[in-house]
Amino acid sequence: MLKLNYTEGGLYMERVMTSLEVAIAQRVVLAMRLEQSLQVEPGHASFLWPADVPNLKHLETTLGQECRGRVTVISVDDEFVEVSLCGSWIAESKEAHEGMFLTVLSDRVELLLYKLWQMSEAHISSLA
């Protein structure tokens with residue numbers, strides 16, 4: 001499963017071996033113990049990658065074979081592509097800009113997305 005944390009500081013992605021149901025249940029229990037509101041709903045998440053990130057074509061081919069409709073890669077302009085995922089959004093409210101997004105894909109696709117995210121982060125850091 002991929003876990004995307006959207007924070008004020010940006011996006012952080014990690015690959016976790018917990019099931020979707022267990023991850024959601026743990027977050028619900030934490031919110032209850034902290035007496036916080038929690039919204040869990042199906043949804044979409046997206047993020048931008050540099051259009052020249054290595055192996056992007058390989059990812060697009062793999063997505064066509066394994067994840068039709070669950071993950072899309074769309075060109076935004078000459079410099080960026082947008083990656084959009086289907087999954088579950090977990091946040092304090094529907095309108096929250098910070099929260100956690102969980103998606104379950106094939107192991108191969110999850111690993112490719114995670115590795116490409118790491119490469120894009122390294123690429124962006126080198127430009128700064």
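Which residue forms a salt bridge with Glu66? The answer is Arg108, with the closest N and O atoms 3.3 Å apart. This is a predicted model, in which local features need pLDDT of at least 70 and side-chain atom pairs count only at pLDDT 80 or more, while totals for chains, interfaces and linings use all residues. Residues are numbered from 1 along each chain as its sequence is written, and side-chain values use heavy atoms, leaving out hydrogens and water.

**View 1. Glu66 and Arg108 link two helices.** A salt bridge here is a side-chain nitrogen of Lys or Arg within 4 Å of a carboxyl oxygen of Asp or Glu. By this rule the count comes to 5 salt bridges. Glu66 and Arg108 form one of them. The pair links distant parts of the chain, with Glu66 in helix α2 (residues 56-66) and Arg108 in helix α3, 42 residues apart. Helices (H or I, at least four residues) and strands (E, at least two) are DSSP runs, numbered from the N terminus. Glu66 is partly exposed at 33% relative accessibility, and Arg108 is partly exposed at 41%. For these labels, buried means under 20% relative accessible area, exposed means over 50%, and partly exposed lies in between (1.4 Å probe, protein chains only).

**View 2. Asp107 meets Arg15.** In this salt bridge, the closest N and O atoms are 3.4 Å apart. Asp107 lies in helix α3 (residues 107-127) and Arg15 in strand β2, so the pair ties together parts that are 92 residues apart in sequence. Asp107 is exposed, at 57%, whereas Arg15 is partly exposed, at 24%. Salt bridges that share partners join Arg15, Asp107 and Glu110 into one network.

**View 3. A hairpin of β4 and β5.** The strands run antiparallel and are joined by 5 bridges; two strands pair if DSSP finds at least two bridges between them. In β5, Glu82 is the bridge partner of Ile74. The hairpin has 4 residues between its strands. Glu79 lies in the loop between β4 (71-75) and β5 (80-91), and is exposed at 57% relative accessibility.

**View 4. A patch of negative charge on the surface.** Glu79 gathers here with Asp52, Asp77 and Asp78. Patches are made of residues with over 30% relative accessible area and no salt bridge, with like charges joined within 9 Å and nonpolar side chains (Val, Leu, Ile, Met, Phe, Trp, Tyr) within 5 Å.

**View 5. A nonpolar patch on the surface.** Val28, Met32 and Val40 together have about 250 Å² of accessible area, found by the Shrake-Rupley method with a 1.4 Å probe. Val40 is in strand β3 (residues 39-50) and is partly exposed, at 36%.

View 6. Glu35 is in the loop between α1 (20-33) and β3, exposed at 74%. Asn55 lies in the loop between β3 and α2, partly exposed at 47%.

Terms used: Lys and Arg count as positive and Asp and Glu as negative; His and the chain ends are not counted. The place of a charge is taken as NZ of Lys, CZ of Arg, CG of Asp or CD of Glu.
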